Amino acid sequence: MDLSHPVMPRPTDRPPAPDGYWRLRLSTTARGWNLLLDKRSVAVNGVLLIVLIVAALASLSLGTVKLSPLETLHALMGQGATMSQFVVQELRLQRVLAGIATGAALALSGCLMQTLARNRLATPGIIGIDNAATAFAVASVVSAGIAIAPSAMSLAGAATATALAFGLAGGSGTRGYRFIVAGLGIGAVAGAVTQVMLSRVAIDTANAAYPWTVGSLNAREPLSTAILGAGLALGLMGAIYLGRYLRILQFSDQVAVGLGIRLRQVRFAGLFLSVVLTGLAVAVAGPVGMVALLGPEAARALCRYRGVPLLASALAGAIVMVLADLTGRIMLAPIEIPVGIVTAIVGSPYLLWILLRRSPRSHL
Amino acid sequence: MGVCLASLLLGAGSVSPADAIQVLAGQGSDEARFIVTELRLPRTLVGLAVGIALGIAGALMQSVARNPLAEPGLLGISAGSAFAVAVALVLGASAATLTVAVAQFGALCGCLFALGAARLQGVGNDPIRLVLAGAALSSLLIALTSLLLLFDERAADEIRFWVTGSVAGRNLDSLMRVIPSFSVAALITLLIARPLASLALGERVAVGLGHRPGRIRLLVVIAVALLVGGATAMAGPIVFVGLVVPFAARALAGPDIRRTLWLCLPIGPIVVIGADVLSRLIAAPTELPLGVLTALIGAPVLLAIVRARRLPSL
């Protein structure tokens, strides 16, 4: 008598990928890596990357000296007229790279912090981290006694502000709004302290410190951009590694703990990344407001709120920054509007709209 | 009284408190007399007026918005009047003329916007969202102001000393220019104090007592605009005074708006003149802008209000 059992599925047969996902197999065995890719976010990231490249090309070609896209490409390759090579490679490339790096870092940092605080308004600019980083950087320029580079100081400032906001609010997790208002207070004090320092020193010193107080991509030293680039690469990897935990953190604490997330470690790691990225970005471009809000907002709208769009936020932030800088350069040429003013003019009405439109219940 | 005296006695310059006392007694050297009567006295009087105006304006707004964080500076009203003044300067007015009316007009627009947003969208029920909206409005207006000043160096020069908020170097003329509008505001405040107190009990109670809430609110908006615009025209945008003063007054007087308003009369000048004296002493021989000190004083108060378990309901 045939007592053969019904055929059980063998462990190597993986279930087909769910709707809207691709399954990426990185090995042939059952236990190997295998990755689910959200089709929509792959598409969104691809589109954003293309838009970013176009924006960067536009920023390289436009300005007082206008070049055609082809000329710009040639100049980038080191061909074409000496003049256009000089303009593109010496003057604009550095600036566009700085814009991409700072925009991406700020937006990524904003996305991390919003997720951790479960509040879309919890971005580094609003929590006063920008202001504190600025205050520390100005302190380093202003006082001869501090031999630490402004960039390092702005990192320290960012960390101090976050720690303070965190401590005063009693944690970030369940009290998103309290975290934000603690940050508002800290930002106000840091801004005041910056003014105090600027008003107390000789005018030359104040002028040297002035670039740190407005967000601008003008005349930054290449070294800090390079450091930011390296930090950004590491931060992006770290953030994507954290991504799976952050996704679960969007639920309540109880659910997250139930699913085996170590809340403290994840929060600490996320905040750490966010603070380092903000500090490095401020070290390059000064306090540029609203990018940390706009980037993640755009990314989340495009990805339709699936998960935590870390990469898309970074790309969108870079686009916002490059376009804002380009606008500031060409709109009222020869007067150059600092990029921080452009982002504030674009971002503040949007922030107002968020605040006035939403019902009080929906925080993210 | 104490702070006023301190403001006259202490400060930069080679005039010691003893010399200043001699001047007040009608003696003393010419130099000392000049410093005390021409520099310190106007400054003290301006501080007095600014403190009262901002304190009363803050108390009125908090009462009508039912929100302990509704503060003219935080809600972008001061930024609104600063922006209006910047526009006027760029269009060719000089800082001395026009400023008061323009600043009051800007404050009126900011005030209508803030209260309108609070009432229409129900943001008023959520203090923190209202403050965030105010912060967003302020940052927009500040960005627009700096954009305007990028074009116009003359205006930038005229406004630079003014935009940080200070009572230094203000003369009695600027005080005289705001006296008429402050008198109107004082009259309005006296008129609406009682209806406002009944409005605090709820819309229906106020209507039942024969008051008209819509009209009360309108009058409050006008009074606040006159007060904040006038204060801004004199001393530049000064943040947090309208938060700290009513907070202290309420802590002393309890929830009744009438007693709060009366207490704002002494507390406002105490805060502003006290901060001004500190600003002279801390960084002597130079000075700090007054706005910086009020931010240093106000931010902790803001945190204290928010950290309190329950936001005090109004």
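Biologist: Where in chain A does Thr123(A) lie?

Modeller: Thr123(A) sits in the loop between α3 (82–117) and α4 (129–142) of chain A, helices being DSSP runs of H or I with at least four residues, numbered from the N terminus. This is a predicted model, in which local features need pLDDT of at least 70 and side-chain atom pairs count only at pLDDT 80 or more, while totals for chains, interfaces and linings use all residues. Residues are numbered from 1 along each chain as its sequence is written, chains are lettered from A and ligands numbered from 1 in the order in which they are written, and side-chain values use heavy atoms, with hydrogens and water left out.

Biologist: Why is Thr123(A) called buried?

Modeller: Buried means under 20% relative accessible area, exposed over 50%, and partly exposed in between, with a 1.4 Å probe and protein chains only. Thr123(A) has 2%, and is therefore buried.

Biologist: Which residues are in contact with Thr123(A), leaving aside its neighbours within four places in sequence?

Modeller: They are Gln114(A), Ala292(A) and Leu293(A); contact means heavy atoms within 4.5 Å.

Biologist: What makes Leu70(A) exposed rather than buried?

Modeller: Leu70(A), in helix α2 (residues 69–77) of chain A, has a relative accessibility of 57%, so this residue counts as exposed.

Biologist: How do you know that the span of helix α1 of chain A is close to the expected one?

Modeller: The expected span is 1.5 Å times one less than the number of residues. Helix α1 (residues 39–61) has 23 residues and reaches 33 Å from its first C-alpha to its last, close to the expected 33 Å.

Biologist: What covers the buried residues of α1(A)?

Modeller: The cover includes α2, α3, α11 (291–302) and α12 (310–330) of chain A. Among the buried residues are Val44(A), Leu48(A) and Leu52(A).

How values were computed
Helix = DSSP H or I, 4+ residues; strand = E, 2+ residues; numbered from the N terminus.
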